[in-house]
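I opened my notebook to record what I looked up, one topic at a time. The structure comes first, then the entries.

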Number of protein chains: 2
Amino acid sequence: MGKYDALAALLLEAIKEGGDFRKDTNAIPVGISNRHIHLSQADLDTLFGAGYQLTNTKDLSQPKQYACKETLTIAGPKGAIEKVRILGPVRNETQIEILQADCFKLGIKAPVRMSADLTGTPGLTLIGPQGSVILTKGAIIAQRHIHMTLEDAARLGVTDGQQVTIQVDGLRGGTYSHVAIRANNTSALECHIDTEEANAMNLSANSTITIVK
Amino acid sequence: MGKYDALAALLLEAIKEGGDFRKDTNAIPVGISNRHIHLSQADLDTLFGAGYQLTNTKDLSQPKQYACKETLTIAGPKGAIEKVRILGPVRNETQIEILQADCFKLGIKAPVRMSADLTGTPGLTLIGPQGSVILTKGAIIAQRHIHMTLEDAARLGVTDGQQVTIQVDGLRGGTYSHVAIRANNTSALECHIDTEEANAMNLSANSTITIVK
């Protein structure tokens, strides 16, 4: 048969195999995080009342994670920020992820850290409708990272824990280094950056990035 | 003479020649801009009263540029921002340089532009103590750029109008592309970025960057 027939046959075969064409590209969707709070059940009890349950208003892209109806005021030695969103479900330890601009406003120096790595981080005061919590640690600027499955990692040639550089195209483009790979079997493929990192490179919820090394 | 004597003699010679050791490196100081306003004299008159003169409270690093005591409220279709600093002296055209985050708050889409390139940009309302101005254009997000003398440009191997990529080291490092070179004989060497670009890469007033291409 001719080359066009051969091409048609190959395409038909590919379609029958149910290939996910989207996955043939190396584009990775971007998820943009504004400042937010993860609470322990003990702190949730103090802030909202004993046995309080968070109210899911929107599922996030990572499985079982959700934005809550509830917000808190966070306060530091130089200022406060109101209406900071709580994300559910509750965790073992309370953690506040803020922006660099928030650090100036609050008067604290939060380090760039991976989630749950809270040793030596500064605290903040959380103010809720039923009480307050004075934390001695827990404020971080989230280190940029990429969630993915182990299958994604194999396809993209990276491994869990590796740090890569990502590329952003366009007039406000560039690269971000030290982007941590977080690969396991319960993650959706998504590159997490904060609003300042997104704005500085003109990235929005519909943007994609690629790994360059 | 021995090698230490030879070294001492060379050092002495270099000091006598009055060499500027700082200029032997390719490090470029960073200047970080928050949102700000440049006003025409006509708009200044409307906002503060006929014949008003701006009050210099702090000279900026670029010759003859200064921060003013005066601030304005800027307003768009979705919101307003108070206490936005005016920079002097007055210019031919009013120009408002804002952050991407401000665009969301104000409800406008300001493009990334070089200073004075205002064709097709959105307007904003400026609110001052003696009056308001409804602008039909003038709001931009400043394109990152590097001011330098022609001598600096020759030393760094770049030319006026060229776009380069800059490198930032550290955990939050990376590169920014499309950084415009602005070389003339009245500029101080400084790379201008906005607060979101600075925060995303952990740059502060004491930081330096390098040109990588």
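**Entry 1: ground rules.** I am working with a predicted model, in which local features need pLDDT of at least 70 and side-chain atom pairs count only at pLDDT 80 or more, while totals for chains, interfaces and linings use all residues. I note that residues are numbered from 1 along each chain as its sequence is written, that chains are lettered from A and ligands numbered from 1 in the order in which they are written, and that side-chain values use heavy atoms, with hydrogens and water left out.

**Entry 2: the domains of chain A.** I looked up how chain A is divided, and found domain 1 (23-31 + 144-211) and domain 2 (34-142). These bounds come from an automatic or database domain assignment. The centres of the two domains of chain A, taken over C-alpha atoms, are 24 Å apart.

I then looked up how domain 1 and domain 2 of chain A meet. Contact means heavy atoms within 4.5 Å, and 13 residues of domain 1 of chain A are in contact with 11 residues of domain 2 of chain A. The two domains of chain A bury about 930 Å² between them, 52% of it on carbon and sulfur atoms. Buried area is the accessible area (1.4 Å probe) that two parts lose on being put together, summed over both. A:Asp194, A:Thr195 and A:Glu196 supply 40% of the area that domain 1 of chain A buries against domain 2 of chain A, more than any other three residues.

Next I checked the polar side of this domain interface. The rule finds 0 salt bridges across it; a salt bridge is a side-chain nitrogen of Lys or Arg within 4 Å of a carboxyl oxygen of Asp or Glu. The count of residue pairs in polar contact between the two domains of chain A is 5 (both at pLDDT 80 or more). A polar contact is a pair of N or O atoms within 3.5 Å; within protein, one must be able to donate a hydrogen and the other to accept it, and residues adjacent in sequence count only if both atoms are side-chain atoms.

**Entry 3: how the chains are related.** I looked up the superposition of chain B on chain A, and it takes a rotation of 180° with 0.0 Å of shift along the axis (RMSD 0.2 Å). The two copies are thus related as by a two-fold rotation axis.

**Entry 4: where the chains meet.** Chain B gives 24 residues to the contact and chain A gives 24 residues. Chain B and chain A bury about 1,900 Å² between them, 48% of it on carbon and sulfur atoms. In chain B, the residues that lose the most area to chain A are B:Leu171, B:Arg172 and B:Asn199, together 34% of what that side buries.

How many salt bridges does the rule find across the interface of chain B and chain A? I found 4 salt bridges there. In one salt bridge, the side chains of A:Arg172 and B:Glu197 meet at 3.1 Å, N to O. I also noted 17 residue pairs in polar contact between chain B and chain A (both at pLDDT 80 or more).

**Entry 5: a salt bridge within chain A.** The structure holds 14 salt bridges over all chains. I looked up the one that A:Asp102 forms with A:Arg35, where the closest N and O atoms are 2.8 Å apart. This pair links distant parts of the chain, 67 residues apart: A:Asp102 is in helix 3 (residues 100-106), and A:Arg35 is in the loop between strand 1 (28-33) and strand 2 (36-38). Helices (H or I, at least four residues) and strands (E, at least two) are DSSP runs, numbered from the N terminus.

**Entry 6: backbone details.** Most residues other than glycine have a negative phi, and most peptide bonds are trans. I found a cis peptide bond joining A:Gly88 and A:Pro89, with omega about 0°. A:Pro89 is in the loop between strand 5 (80-88) and strand 6 (95-97) of chain A. In chain B, a cis peptide bond joins B:Gly88 and B:Pro89, with omega about 0°. A:Asn202 is in the loop between helix 5 and strand 15 (208-211) of chain A.

Methods:
Copies are superposed by least squares on the C-alpha atoms of residues with pLDDT of at least 70 in both.
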